[in-house]
Amino acid sequence: MRVAIIGQGYVGLTIAVGAASAGHSVVGFDVNPVLVDQLNAGRSHIEGIPDLDLAGFIATGSYAASSDTSVLDGCDVIVIAVPTPLDEARNPDLSFVHAATELIATQAKSPALVINESTSYPGTLRNEIAARISGVDHLYASSPERVDPGNTDWGTKNTPRLIGGLTPAAVAKAREFYGSFCDSIIEVSSPEVAEAAKIFENTFRQVNIALVNEFAQIADALGISGREVLDAAATKPYGFMPFNPGPGVGGHCIPVDPSYLAHVANQVGVPATFIKRANEVNLAMPAYVVKRVVGGSGGSIKGKKVVVVGVSYKSNVADTREAPAAAVIDLLREQGATVTWHDDLVGIWRGESSSTIAGADVAVIVTKHDGVDLTAIKACGYVFDCTGTVAGVDGI
Ligand SMILES: NC(=O)c1ccc[n+]([C@@H]2O[C@H](COP(=O)([O-])OP(=O)(O)OC[C@H]3O[C@@H](n4cnc5c(N)ncnc54)[C@H](O)[C@@H]3O)[C@@H](O)[C@H]2O)c1
């Protein structure tokens, strides 16, 4: 199949490589010309997609990146994989989806299967994509992406793929496409079910993470180890699923997607109370971390040198979107500390460069990448660990 993928970020490039590996002819379309040049030079920006693989697909002609909109015409399949962030008021921002839809409406003159993989609320494929395109008999399907960047156990091939189509023909074509590079395809009765399943999965995580974050605070106030309690509870062989407390939630999914569900819930008059409360708890975690750091440092960190270790939102990835480290750093600075941060994967962030760990009075481990220098961290006067993975130090 000739496949165009709109958006070559975490999701789009991952799918592009999956489709290219199945022998499809893939063009990765992106509005960012610098990224397009980088990809065409065989340089991947995604953990889990080695440069060598990308270069191999380019060499055999099964993958090319482009910012030329004419590549969208004459395709069998067009996949939308663009950002779906929140606006300033934390409401869904579908402007990228609308822009991608507009491109299909104006450029794709022959019928194609149009798939949306971007995460959004139920009704997006039908009302925000298909309803905005006329004049060409495209097929439409929703297949929300479940990729977990950096996860080496679960990838595009072995993660079951949900598909819901506007018509049986769309479902059949989507099955043929995904069946060529995914092991397990699960058809659901409508695109709305597929869309809702994806945001419910992430809401499930958001709410459970908030629950353990709140519990960690209760346990600490009670003078018991929250982590030990969670480990103990996890020995129950049924009816319990462990989640870890931390400094808050980050990335493009967990802090964002539940608000898409809350948005449509409010529209139909059902308040999404769990999502609201989970957001409050998770967004307050950086302040809790700073309170504990101040307490553990003798009641004040004014004038102290603090290094925040790991600023991306999870270990072994460089993604800093919505990362709670930003709020931790800002709040530490408000307390009068001199704050630097260390993250070899991130390098440069918010106009600042990664610093060394050595010489700090206080180290706050927000995210722990493999290979971080624990000896240097432990040499700091006081260490607070948000990851629960460093023995013998204070933390949550
Ligand atoms: N990152 C994840 O782990 C993950 C996992 C599952 C689902 N998702 C969802 O997938 C979608 C994409 O997320 P992502 O992480 O890949 O985003 P990303 O920011 O990594 O990549 C998006 C890309 O789309 C490009 N783009 C924006 N507007 C465009 C347009 N009109 N035409 C062409 N390209 C355009 C951007 O330049 C960027 O390269 C979102 O809805 C997200 O919620 C993300």
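**Close-ups of the sheet, its helices and the cysteines**

**View 1. Where β1 meets β2.** Arg2 has Ser25 of β2 as its bridge partner. β1 (residues 2–6) and β2 (residues 25–29) run parallel and are joined by 5 bridges; strands are DSSP runs of E, at least two residues, and helices are runs of H or I, at least four, numbered from the N terminus. Keep in mind that this is a predicted model, where local features need pLDDT of at least 70 and side-chain atom pairs pLDDT 80 or more, while totals for chains, interfaces and linings use all residues. Residues count from 1 along each chain as its sequence is written, and side-chain values use heavy atoms, without hydrogens or water.

**View 2. The open sheet.** Its 8 strands follow the order β3-β2-β1-β4-β5-β6-β7-β8, with mixed pairing (a pair needs at least two DSSP bridges). β3 (63–66) and β8 (185–187) are the edges: each has a single partner strand, so one side of each lacks a neighbour in the sheet. From one strand to the next, the twist averages 25°; axes are lines fitted to C-alpha atoms, for helices over the stretch in contact, with angles from 0 to 180 degrees between N-to-C directions.

**View 3. Helices across the strands.** α4 (residues 95–107) lies across β1, β2, β4 and β5, at about 160° to β4. α6 (residues 168–179) lies across strands including β7 and β8, at about 155° to β7. Contact here means heavy atoms within 4.5 Å.

View 4. The whole structure has 0 disulfides (cysteine sulfur pairs within 2.5 Å). For Cys75, the nearest cysteine sulfur is that of Cys182, 19 Å away. Cys75 is buried at 2% relative accessibility (buried is under 20% relative accessible area, exposed over 50%, partly exposed in between, with a 1.4 Å probe and protein chains only).
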